[in-house]
Amino acid sequence: MNILFVYLIGIVFTYFCKRCFGFSNNLSLLGGILAITCVGITRTLPFPMLEAVEYFFFLLLILILKIKNNYLYFLSSICCVLSKELLI
């Protein structure tokens, strides 16, 4: 489960860099790779924890905020809070 969400983090962050900031394809790919290799994700990758899911929903929340879709923002914020509450 963690590996799936780590790949999704890379894809969403690459799309976010390309669409919202207008980076080139190479810089967007580099940003996706850096998002995958951040310390918070790589430290907890072998363990069954929800930090990768939380990072994914946080990035999705920021992307939806930039797109300005209220329904998806509401749904993603609920999922973000629920994933945090499950960890507690």
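Q: Hi! Where is serine 76 placed?
A: Welcome! In this predicted model, serine 76 is in helix α5, which covers residues 70-87.

Q: Is serine 76 buried or exposed?
A: Serine 76 counts as buried, because its relative accessibility is 4% and the cut-off for buried is under 20%.

Q: And what is serine 76 in contact with, leaving aside its neighbours within four places in sequence?
A: Those contacts are Phe57, Leu60, Leu61 and Ile64.

Q: Okay, new topic. Which residues have the most contacts inside the largest nonpolar core?
A: That core has 15 residues, and the ones with the most contacts inside it are Phe5, Ile9, Val12, Ala52, Phe56, Phe57 and Leu63. Two elements, α1 (2-20) and α4 (51-67), each give two or more residues to this core.

Q: What does isoleucine 9 touch, beyond its neighbours within four places in sequence?
A: Isoleucine 9 is in contact with Ala35, Ile41, Ala52, Tyr55, Phe56 and Leu59.

Q: Which residues of α1 are buried, and what covers them?
A: The buried ones are Asn2, Phe5, Val6, Ile9, Gly10, Val12, Phe16, Cys17 and Cys20. Their cover includes α2 (25-36), α3 (39-44) and α4.

Q: How far apart are the end C-alpha atoms of α1?
A: They are 26 Å apart, which agrees with the 27 Å that its 19 residues should span at 1.5 Å a residue.

Q: What follows α1?
A: Glycine 22 does, with a positive phi near 70°.

Q: Last one: where is lysine 68 found?
A: Lysine 68 is in the loop between α4 and α5. Its phi is also positive, near 70°, though lysine 68 is not a glycine. At 70% relative accessibility, lysine 68 counts as exposed.

Key: Residues are numbered from 1 along each chain as its sequence is written. This is a predicted model: local features need pLDDT of at least 70, side-chain atom pairs count only at pLDDT 80 or more; totals for chains, interfaces and linings use all residues. Side-chain values use heavy atoms; hydrogens and water are left out. A nonpolar core is a set of buried Ala, Val, Leu, Ile, Met, Phe, Trp, Tyr and Cys residues joined through side-chain atoms within 4.5 Å. Buried means under 20% relative accessible area, exposed over 50%, partly exposed in between (1.4 Å probe, protein chains only). Helices (H or I, at least four residues) and strands (E, at least two) are DSSP runs, numbered from the N terminus. Contact means heavy atoms within 4.5 Å. The expected span of a helix is 1.5 Å times one less than its number of residues.
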